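Please read these notes with the model open beside you. They go point by point.

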Amino acid sequence: MPHLDHYLAIQAFVIVLLFSSIASAAIVEHVFHVTNVLVKPLCKEQMIPTVNGSLPGPTINVREGDTLVVHVINNSTYNITIHWHGVFQLKSSWMDGANMITQCPIEPSYNFTYRFDIIGQEGTLLWHAHVVNLRATLHGALIIRPRSTHLYPFPKPYKEVLLIFEQWWNMDVGLLSIQPAPISDAYLINGLAGDLYPCSKNRMYKLKVVQGKTYLLRIMNAALNKHLFFKIANHNVTVVAVDAVYTTPYVSDVMMLTPGQSVDALLTADQAIGMYYMYIKSYNSADQVSPFPPNTTTRGLIVYEGATSSSSSPAAIPLMPEMNDQTTAHRFSSNITSLVGGPHWTPVPRHVDETMFVTVGFGFDKPSGEVDGSLNNYTFVLPKTVPLQEAYFYNITGVYTDDFPNQPPLRFDYANFEPRTDYENMMMYPERKTSVKTLGFNTTVEIVVQNTKIVTKESHPMHLHGFNFYVLGYGFGNYDPTRDARTLNLVNPQMRNTVAVPSLGWVVLRFIANNPGVWMFHCHMDAHLPFGMITAFIVLNGPTPETSLQPPPSNLPQCSRIYQPPTTNVDLSY
Ligand code: C2O
Ligand code: CU
């Protein structure tokens, strides 16, 4: 992992405790120092918050069954939380790190220790700050390997390679809370912009490979607001996991990842000794409403052992999909299936207890005319003083309403209507409130997420905290229960924590609400969070203490602290 100019020592250490019953369970302990540092990925020095001075932040390696302990010491000037994206947090909902949902933020000069078990999932996930925009620089990988007694359900790779895709702005990231977020200036691969950008010519990600060997690529899209295509010249890859769930091996020459998604894929160095570029490029599922910067691609280089820059031909360049190539994006997203019978696979529950139909899109706030996000015509407002889960746990009234509906208030032609004067009848004006949906413990929930054409059309990557869902189907147009229900995959559907709801289309999700607590369900385009494209599920307690939400840890951050800004030389004058 490349480190920044002002690198601070990573104080990470691992304590391994051998339990008599589980041979490999360990406690993995890290310290995250969050500090503002100066970096210069392109031409200008910028002050950004980082974890331990590096971009991307430190990689956490655990084995399934381990306990992870992360001490977060906030020496930055920002309020932060750290969210463990995709981790089930079974019985540890207070550790989810969702700002004002499960905790108040960790204020500058305060600390908080996250502690939770990682059980029943293997693969690559990411951790990131969960306070608007800060995840742009506060993110990193969480790699969950099988317990030592188990193996990967695919041939053991020669080496493992981490590829973190990021978005970069020539400005102080803290200022990005200005809406709408400006267009980014570059993408980064593992913190490097590569040779297509000014002042970055010699800072390109390079992967050395040995001909004939197979590598496990652990890929994640940590960009704030961009779906990304990824492709390697002359090579296919074989997808073996998505969002830390094993898949049926799926061969592809190109990938598409939404913000928050991860893919594990095998790459065999089966081409002639030489050099091959890997490219990332934005996938624009939306109407093109804004100009794009000249460089919308970033590249890294795969160098075969024995290849020399002077020898033979120049490095091969992949032929990338067009920026709006919905067919390619949809093919990759929807064709992946789960590895039935593989580690941690559980069959799809056939009985559904709770059926929801949720429209996702935009609208306008009637009084102000501002753009609002909309889920079933509600715009979610984050609680200001008490986190939702504390309000729920302590029965504090007035923080939220338990009235998120199972259907939108109106039915209309969501995907195909032509804009006209009739907006009022098409849920043009969502209501701003903190509306949640309560689910009984262990109920099976099915959600049809229906994208609408109100204001824009684009793919929203919907992310559920605390659970993986089965993705039973993807489609375009309006979901038709008679026609489309028959086509759903109940045998080997992919499981994910983040799904690309196609532009003007739908997905069908199913999950079992077996984890008590309060869980966000939201669009993972960071820019859509302040628009309130969010709701939350309260999963009620089960019958036993074991299946009940426990009291919060005593050191959970509080919102009422008097905050004195530390005297650092942070330059906010951009
Ligand atoms: Cu990766 Cu609620 O987020
Ligand atoms: Cu969105």
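**Notes on the predicted model**

1. Start at Val245, which lies in strand E16, residues 245-252. Helices (H or I, at least four residues) and strands (E, at least two) are DSSP runs, numbered from the N terminus. Val245 is buried, at a relative accessible area of 12%. Buried means under 20% relative accessible area, exposed over 50%, and partly exposed in between, with a 1.4 Å probe and protein chains only. Leaving aside residues up to four places away in sequence, Val245 touches Glu122, Val240, Ser338, Asn468 and Met495. A contact here is heavy atoms within 4.5 Å. Ser338 sits 93 residues from Val245 along the chain, yet their C-alpha atoms are 7.4 Å apart.

2. Ground rules. This is a predicted model, in which local features need pLDDT of at least 70 and side-chain atom pairs count only at pLDDT 80 or more, while totals for chains, interfaces and linings use all residues; side-chain values use heavy atoms, with hydrogens and water left out. Residues are numbered from 1 along each chain as its sequence is written, and chains are lettered from A and ligands numbered from 1 in the order in which they are written.

3. Confidence next. pLDDT is the predictor's confidence in each residue, from 0 to 100. The protein chain averages 89, and 88% of the residues score at least 70. Over residues 1-22 the pLDDT is below 50; this stretch still has 52 contacts in the model beyond near neighbours in sequence. Residues 562-574 are also below 50, with 20 such contacts.

4. The chain overall. The protein chain holds three helices and 33 strands. Of its 574 residues, 60% are buried. Take the contacts between residues at least 6 apart in sequence: 79% of them join residues at least 24 apart.

5. Which sheet holds E16? Six strands form an open sheet of mixed pairing, in the order E11-E10-E13-E18-E15-E16. Two strands pair if DSSP finds at least two bridges between them. Strand E11 (186-189) and E16 are the edge strands, each pairing on one side only. From one strand to the next, the twist averages 25 degrees. Within the sheet, strand E15 (residues 237-242) and strand E18 (residues 262-268) pair in the antiparallel sense over four bridges. Val239 has Ala265 in E18 as its bridge partner. Helix H1 (residues 326-335) packs on this sheet and touches E15, E16 and E18; its direction makes about 140 degrees with that of E16. Axes are lines fitted to C-alpha atoms, for helices over the stretch in contact, and angles run from 0 to 180 degrees between N-to-C directions.

6. A second sheet has four strands. It is open and mixed, in the order E4-E9-E8-E6. Strand E4 (60-63) and strand E6 (82-85) stand at the edges; each has a single partner strand, so one side of each lacks a neighbour in the sheet. E4 runs parallel to strand E9 (residues 139-145), joined by four bridges. Arg63 has Arg145 in E9 as its bridge partner.

7. Check strand E17 (residues 254-257). Val254 and Met256 point one way, Met255 and Leu257 the other, and all are buried. In a regular strand the side chains alternate between the two faces of the sheet. E17 pairs with strand E14 (residues 227-232) in the antiparallel sense over four bridges. Phe230 has Met255 as its bridge partner.

8. Strand E30 (residues 498-501) is covered on both faces: Thr498 and Ala500 on one side, Val499 and Val501 on the other, are all buried. Four bridges join E30 to strand E27 (residues 460-464), and the two run antiparallel. His463 stands opposite Thr498.

9. Last, the metal. What coordinates the copper ion (ligand 2)? The donors are His460 (ND1), Cys523 (SG) and His528 (ND1), at 2.0 to 2.1 Å. Donors are N, O and S atoms within 2.8 Å of the metal (3.2 Å for Na, K and Ca); water is not among the atoms, so sites may look incomplete. Along the chain the spacing is H-x62-C-x4-H. His460 is in strand E27 and His528 is in the loop between strand E32 (517-523) and strand E33 (534-539), 68 residues apart. Both His460 and His528 are buried.
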